[in-house]
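Here's a quick briefing to read alongside the structure. Take a look at the model first, then work through the notes below.

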Amino acid sequence: MWDEIVAFLAREWVGLLASIFVLVSFLFSNELKTRLINFVGCAIWVVYGFVVGAYSTSFMNGALIIVHIVKLTKMFIDKRKKNAEQEKTSQNGLQTESNAADKTDTADTNQQNTNK
């Protein structure tokens, strides 16, 4: 009897923990934090669903985990592309400044040679 009560309470605490993670995830305005915390909550819900035999809960939260993985992967890829573009732009800017300085130096040298 006592073992059944402890098992019941343990299951309920797991469900409560999952609910807290999902609820807290919606308090953030940052999409990355929201998705990461919600991901953890969904993972706990998957475990809870299997433990209590609520397979539809496990399935739905498993599907949400896949959505989070896809969206997070896209976010990281987009951020890498943006960083690469910024780096390329800054390198092109340095090359343009360098080329302009080289042209100025060449013009100064030509002017000096003409004056001799």
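Let's start with a term: rings of Phe, Tyr and Trp (its six-membered ring) pair if their centres lie within 6.5 Å, and planes under 30 degrees apart count as stacked, over 60 as edge-to-face and the rest as tilted. With that rule, a search of the whole structure turns up two aromatic pairs. In one of them, the ring centres of W45 and Y48 sit 5.3 Å apart with planes at 85 degrees, so this pair is edge-to-face.

A heads-up: this is a predicted model, where local features need pLDDT of at least 70, side-chain atom pairs count only at pLDDT 80 or more, and totals for chains, interfaces and linings use all residues. Residues are numbered from 1 along each chain as its sequence is written, and side-chain values use heavy atoms, with hydrogens and water left out.

**The layout**
- The protein chain has three helices and zero strands (DSSP runs numbered from the N terminus: H or I, at least four residues, for helices; E, at least two, for strands).
- From the N terminus on, the order is α-α-α.

**What's buried**
- Of the 116 residues in the protein chain, 16% are buried (under 20% relative accessible area, with a 1.4 Å probe, protein chains only).
- W45 counts as buried at 19% relative accessibility, and Y48 does too, at 15%.

**Helices α1 and α2**
- W45 and Y48 both belong to helix α2, three residues apart, or about one turn of the helix.
- In α1, the buried residues are G15, A18, V22 and S25.
- Those buried residues of α1 pack against α2 (31-52).

Technical notes. Buried < 20%, exposed > 50% of the residue type's maximum accessible area, 1.4 Å probe, protein only. Contact = heavy atoms within 4.5 Å.
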